[in-house]
Amino acid sequence: MGKQTALYQQHIDAGAKMVDFAGWDMPINYGSQIEEHNAVRGDAGVFDVSHMTVVDVSGRDATEYLRHLLANDVAKLDVPGRALYSGMLNEDGGVIDDLIVYRMSFGYRVVVNCATRMKDLAWMAQQTSGYSVSVEERPRLAILAVHGPNSIDKVTALLPAEQADAVRQLGNFRGVEFDPWFIARTGYTGEKGLELIIPETDALTLWVKLLSSGVRPIGLGARDTLRLEAGMNLYGHDMDESVSPIAANMEFSVAWRPEDRDFVGRTAITEHRKQQQAGKLPCLTGLVLEQRGVLREGQKVVTDCGEGIITSGSFSPTLKHSIALARIPVNSKSCQVDIRGTLTPVRIVKPNFVRFGKKIFD
Amino acid sequence: MSNYPDNLKYAASHEWVRIDDEGNATVGISYHAQDALGDIVFVELPEVGTTVHAKEEVAVVESVKAASDIYSPVSGEIIAVNGDLVDAPETVNAQPYDGGWFFKVAMSDESELEELMDADAYAEHCDD
């Protein structure tokens with residue numbers, strides 16, 4: 001038996017099929033992944049993502065430490081509650097993990113992937129050398145992500161009036177602390193929604209109230225198809241330590257300016273960028289298969305410029321055909337995928353497929 | 001209701017067979033198979049008139065999770081396919097033993113049925 005979140009019994013009670021996810025017993029679905037996916041696109045759903053690792057960073061040098069540790073620049077976080085997405089790179093410019101960092105009243109809160117927890121914590125500890133900073137894991141916090149067009153109304157209906165007002169006014173990538181709760185407009189679905197980071201002792205009550213107000217429980221299966229439609233990377237699939245953020249569509253999260261900010265991996269990815277401009281480093285792009293069939297991770301891609309590979313692929317419940325993320329040679333114009341032995345033509349699109357329930361590529 | 005009806009025979013590869021009044025074999029996939037695959041999104045069916053051999057792959061199902069081959073548990077000729085699955089593949093999840101059938105075979109060797117499992121043996125097979 002694996003590790004369990006505070007809501008393990010609630011998942012079983014809700015009919016979950018439980019699977020091992022990086023040592024945790026997690027719900028893959030509660031019956032139908034497609035129905036859960038559609039509930040998030042059309043109404044509201046809640047994910048228990050308490051298996052993710054929360055790390056609080058505080059101390060006099062917290063800002064300078066994170067400005068060195070992360071490819072994005074926490075100096076952009078001008079007020080408490082603001083959040084940004086970043087890669088945490090090694091010196092070779094490979095991605096150790098991708099994460100969200102929030103500015104908090106006490107410093108910063110970083111949420112990293114569960115499968116990479118051990119190496120992340122070790123790396124973060126190692127990088128503290130020379131900084132007056134405290135890096136503390138917060139294993140007793142639960143995270144509930146509530147997403148979908150009606151999610152914010154459903155959550156705010158459960159909060160005291162003052163808190164509800166504050167949450168309703170949040171912009172995207174903004175959060176608010178109601179100590180010990182933290183509620184932010186962040187997520188992994190391409191829909192409006194909130195992530196609630198709360199003491200695990202509060203998780204049960206919140207979960208029950210959400211379900212009573214019609215919010216559907218959503219498993220990790222639908223979480224994957226939702227994030228794929230939103231064109232969001234999944235660590236260990238779309239990138240890892242052997243892949244540059246430049247080859248993983250993460251350049252938007254690299255803060256090149258100010259030019260004198262010395263973050264880990266900067267020299268390497270500066271070189272990667274030049275290589276890509278010279279056509280020598282692949283890029284992560286979107287693929288669309290409008291005929292029957294499903295693109296899957298690991299399938300070989302053949303383009304007019306060379307070969308590539310699908311890093312994430314699935315059926316898109318919203319679009320009702322298959323979509324994928326693939327790492328292929330830059331400047332590729334035409335593209336085929338080897339689906340079970342048959343080279344099948346696919347279209348190359350920007351790696352964003354669905355936002356707010358609607359198709360967003362041409 | 002049992003997930004494995006008593007009037008069917010089952011293959012280790014999770015197909016079921018039902019013998020109709022004319023002695024033809026209707027083939028589908030078991031409750032266990034559709035449950036393990038998850039939501040089914042495409043079904044690829046054989047062509048009517050095709051000759052098939054037992055344990056040979058004759059159809060494909062794609063679910064949100066994976067692609068999976070469907071084997072014919074018996075040899076013979078395909079005499080019908082369930083075209084409704086092309087537009088409504090989810091029927092395989094909702095009614096694996098009724099509306100979710102895949103194809104019918106005019107059997108060339110009825111003794112092959114003896115190699116298949118009954119409901120109890122198959123239920124045990126799924127628990128392993």
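Predicted model: local features only at pLDDT ≥ 70, side-chain atom pairs only at ≥ 80, totals over all residues.
Figure 1. Residues are numbered from 1 along each chain as its sequence is written, while chains are lettered from A and ligands numbered from 1 in the order in which they are written. Helices (H or I, at least four residues) and strands (E, at least two) are DSSP runs, numbered from the N terminus. Look at the backbone of F356(A): its phi is near 50°. That is a positive value in a residue other than glycine. F356(A) is exposed, with 11 other C-beta atoms within 10 Å. (A residue is buried with 20 or more other C-beta atoms within 10 Å of its own, exposed with 12 or fewer, and partly exposed in between; C-beta atoms are placed from the backbone.)

**Figure 2. R340(A) has a positive phi and is not a glycine.** Find R340(A) in the loop between β18 (335-339) and β19 (342-349) of chain A. Its phi is near 50°. R340(A) is partly exposed: 14 other C-beta atoms lie within 10 Å.

Figure 3. P180(A) belongs to the loop between β10 (175-178) and β11 (181-184) of chain A. P258(A) lies in the loop between α8 and α9 (266-277) of chain A.

**Figure 4. Helix α2 (residues 33-42) crosses helix α8 (residues 220-229) in chain A.** Their axes come within 8 Å and cross at roughly 55°. (Axes are lines fitted to C-alpha atoms, for helices over the stretch in contact; angles run from 0 to 180 degrees between N-to-C directions.) On the α2(A) side, the contact is made by Q33(A), E36(A), H37(A) and V40(A). On the α8(A) side, G221(A), A222(A), T225(A) and L226(A) take part. (Contact puts two C-beta atoms, placed from the backbone, within 7 Å.)

**Figure 5. Helix α8 of chain A is mostly covered.** Eight of its 10 residues are buried. Just after α8(A), G231(A) takes a positive phi of about 70°.

**Figure 6. Five strands of chain A form an open sheet.** The order is β5-β6-β7-β4-β8, and the pairing is antiparallel. (Strands pair if DSSP finds at least two bridges between them.) β5 (83-89) and β8 (134-137) of chain A stand at the edges. Each has a single partner strand, so one side of each lacks a neighbour in the sheet. Neighbouring strands are turned by 30° against each other on average, direction ignored. Now follow β4 (residues 53-58) and β7 (residues 107-112) of chain A: six bridges join them. T53(A) stands opposite V112(A) in β7(A). Helix α3 (residues 62-69) of chain A lies across β4, β5, β6 (95-104) and β7 of chain A. This helix, α3, runs at about 130° to β4(A).

**Figure 7. Chain A touches chain B.** On chain A, 12 residues are in contact with seven residues of chain B. Which elements of chain A give two or more residues to this side? They are α2, α8 and β16 of chain A.
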